[in-house]
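Please examine the model shown below with attention to its charged pairs, its pockets and its nonpolar surface. The paragraphs that follow take these topics in turn.

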Amino acid sequence: MKQALKKLGAFLLTMVIVSFVTFLAFQLIPGDPVTHMLGTSYTPERADALREQLGLKGPLLVRYWDWLKGFVTGAMGTSYSYNLPVSQLVGEKVGNTLALNALTFVLIVALSLPIGLFTVRRHGGAADRCLTVVNQVIMAVPPFFTGILFTWLFSVVLSWLPGTFIEFSQDPVGYWKCLFFPALALALPRIAMTVRMLRSTLLEELHRDYVRTAISRGNDSRAALYRHALKNALPPVVTFLAQTMAEIVASSIVVEQVFSIPGLGRLLLASINSSDWPVVQAIVVLLALWVMLAGTVADLINQRIDPRLRLGGAK
């Protein structure tokens, strides 16, 4: 419990620092959004009233504190381009991005673990060598290019994908069908990387003394792999998967464009193009929150798998 509270405190402190740096960065961007929004109807009185409405008046720290309280309560400000609450714009898109990222992560875990274990059990064989070559090829192909190939193959050639994105409320099955191939495009290089990581850590563990001792006591190689080596090989793999979440978040911005998914990535790029900084600021902090949360959860899982980590002991 003490370690969990320390992790939670570090997580909250990091998020406050990230949010402040993000807020400060967008405050330093040159240009006056009020002048841009009012256009030809600009008057000093209207400009002053709009700055008050947008929370652009007052000292920097006061404005940051007001924004932070609003962010926590869901009041993230007003969009410069749409003149709508940022929380409304983000709320309409965040579900699709979270669903895409979650499905991608499920595919990575569901496919990489059994494939990694298979390559270890067939170490040195033809299957292991073939999968190693395939892994190298997959890791060399960026997700956006895989997404373009999938779009051409499954949408244009095979017509397995609908012409437009289907919302969950319209057709739940069609919704997940629209997300499956984008998630697969995101997952493939990460699956290859995770398989390689799991394979290397497991092979290293299998050569340790405790595994040889387990085998000498009557355990076969399969039991030594699953009962002993796997547990000790998982912490670095879990940490790697947490780092993978950050890569998924970054890559999903491009993949959403390729597959025309109305998520945070498309909203982020559109808001950058239109200099809609309140929307960009909210999305950046939300994505940072998602990445930091994944890292914190990974640390807690590692401590659960390996109790030595709770005491800060080295492996």
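How many salt bridges does a search of the whole structure find? The search finds six, where a salt bridge is a side-chain nitrogen of Lys or Arg within 4 Å of a carboxyl oxygen of Asp or Glu. Side chains of opposite charge can pair when their charged atoms come close. The model is predicted, and local features need pLDDT of at least 70, side-chain atom pairs count only at pLDDT 80 or more, and totals for chains, interfaces and linings use all residues. Residues are numbered from 1 along each chain as its sequence is written, and side-chain values use heavy atoms, with hydrogens and water left out.

One of the salt bridges joins Arg212 to Asp209, with the closest N and O atoms 2.4 Å apart. Both residues lie in helix H9 (residues 209–216), three residues apart, about one turn of the helix; helices (H or I, at least four residues) are DSSP runs, numbered from the N terminus. Arg212 counts as partly exposed because its relative accessibility is 45%, and Asp209 is exposed, with a relative accessible area of 55%. In these terms, buried means under 20% relative accessible area, exposed over 50%, and partly exposed in between (1.4 Å probe, protein chains only).

Helix H4 holds Lys69 and Asp66, again three residues apart, about one turn of the helix. These two residues form a salt bridge whose closest N and O atoms are 3.9 Å apart. Lys69 is partly exposed at 40% relative accessibility, and Asp66 is partly exposed at 43%.

Arg208 forms a salt bridge with Glu205, the closest N and O atoms being 3.3 Å apart. Glu205 counts as buried because its relative accessibility is 3%, while Arg208 is partly exposed at 33%. A network of salt bridges links Glu204, Glu205 and Arg208.

The pockets come next. On a 1 Å grid over the protein atoms alone, a pocket is an open set of points where a 1.4 Å probe fits, with protein on both sides within 12 Å along at least five of seven lines, and lining residues have an atom within 4 Å of a point. The largest pocket has a volume of about 650 Å³, a volume being the space filled by probe spheres set on grid points that are joined across faces, edges and corners. Its lining comprises 31 residues, of which Gln27, Leu54, Leu56, Tyr80 and Pro278 lie nearest its centre. Two or more lining residues come from each of helices H1 (2–27), H2 (33–38), H3 (44–54), H4 (60–73) and H12 (277–305). H4 gives the most to this lining, with five residues. By class, the lining of the largest pocket has 14 nonpolar, twelve polar and five charged residues.

The second largest pocket holds about 290 Å³ of space. Among its 17 lining residues, Phe105, Leu241, Ala242, Val297 and Ile301 lie nearest its centre. Helix H5 (86–121), H10 and H12 each supply at least two residues of this lining. The lining of the second largest pocket has 16 nonpolar, one polar and no charged residues.

Helix H7 (residues 143–157) gives the most to the patch, with four residues. Val254 is found in helix H10 (residues 221–259) and is partly exposed at 40% relative accessibility.

Notes:
Ala, Val, Leu, Ile, Met, Phe, Trp, Tyr, Cys and Pro count as nonpolar, Asp, Glu, Lys and Arg as charged, and the others, Gly among them, as polar.
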